[in-house]
Amino acid sequence: MPQKIAAGNWKMNAPDLGEVDALARQHPDPGVTLLLCPPATLLAALSERLSDMKIQTGGQDCHTASSGAHTGDVSAAMLKAAGASHVILGHSERRADHGESDALVRQKAEAALEASLTPILCLGETLEQRDSGQTLDVIETQLAGSLPKTDAPLIIAYEPVWAIGTGRTPTPGQIEEVHALLRDRSPADTPLLYGGSVKGSNAAEIFAIANVDGALVGGASLTAEAFSPIVSALEASV
C-alpha cells in the first residue's frame with residue numbers, strides 16, 4: 001500500500017518556526033508521513049529544529065546540475081546537506097512563472113534521485129484545459145514527459161492549477177477520475193497526493209476518494225491551527 005503523506009508547501013513565506021513545535025505537540029507520533037517544505041533559506045534551520053521530531057523536511061525546487069555557475073539556484077545535493085528528504089518538482093507556479101517544461105522537470109527529478117531525495121512530481125491542468133475537456137490528456141502528457149527514466153520511487157501530486165489558492169476544489173468525481181488515471185500509469189506503491197485549496201473542512205472528504213493517499217497543502221500548512229486538522233483527517237483515513 002502507498003504511504004499516507006501530509007506535505008506542506010510554504011512557498012515564498014516565512015512563518016514563525018514555533019508553529020512546527022505546536023504541530024509536533026499535536027502529532028507526537030503521527031500515523032502518517034509529515035513533511036514541511038520551507039523556502040531554501042529556512043531549510044537547514046527547520047531541519048535542525050525538527051531533528052528530534054517525527055516531521056521531515058523538503059525543498060521546493062532544485063537545479064539539474066550538482067554544482068556550477070548557476071547563480072541563485074540550489075542543487076539537490078545542497079538540499080540533502082541541509083536536511084531535506086524530499087523535493088517538490090514541476091509545481092504549476094514553477095511551470096508558469098519560470099517556463100519549466102516536462103523535459104526539464106524530468107531532468108530535475110533525475111538529479112533529485114541521484115542525491116537520494118524523493119521527488120514530489122506535480123501535475124495539473126488549467127481552467128481553460130479543464131473546461132475544454134483536455135484534463136486527462138494534459139495529465140497523461142505531463143506524466144509521461146516528467147517521469148524520470150528510472151524505476152526509483154517517487155511521489156505524484158495532482159494539483160489542478162485553477163484550484164491552487166483560489167478556494168475552489170474539483171468535485172470528488174473529478175479528483176477520482178484523475179487519480180484513477182495516475183494509479184493506472186504508476187506503480188501500485190506510488191503515493192498519489194491531491195493539492196489545491198485543501199483545508200480542514202474538506203480534507204476528510206478528499207481523503208475518502210479512491211487512490212488519494214494524502215495532500216500537498218499550501219497556505220493551510222503555515223500554521224499548526226490550520227494544518228493539524230488536515231493531518232488528523234489523514235490519520236483517520238488510514
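**Strands and salt bridges**

Guide: In β5, I120 is the bridge partner of I88. This is a predicted model: local features need pLDDT of at least 70, side-chain atom pairs count only at pLDDT 80 or more, and totals for chains, interfaces and linings use all residues. Residues are numbered from 1 along each chain as its sequence is written, and side-chain values use heavy atoms, with hydrogens and water left out.

Visitor: How many bridges join β4 to β5?
Guide: Four, and the two strands run parallel. Strands are DSSP runs of E, at least two residues, and helices are runs of H or I, at least four, numbered from the N terminus. Two strands pair if DSSP finds at least two bridges between them.

Visitor: Which strand does β5 pair with over four bridges, besides that?
Guide: β6, residues 155-158, also in the parallel sense. There, Y158 is the bridge partner of L123.

Visitor: Is β5 mostly covered or uncovered?
Guide: Mostly covered: five of its six residues are buried. Buried means under 20% relative accessible area, exposed over 50%, partly exposed in between (1.4 Å probe, protein chains only).

Visitor: New topic. How many salt bridges are there?
Guide: The structure holds 13. Each is a side-chain nitrogen of Lys or Arg within 4 Å of a carboxyl oxygen of Asp or Glu.

Visitor: What does D61 meet?
Guide: K108, at 2.9 Å, N to O. D61 lies in the loop between β3 and α3 and K108 in helix α5, so the pair ties together parts 47 residues apart in sequence. Both residues are buried.
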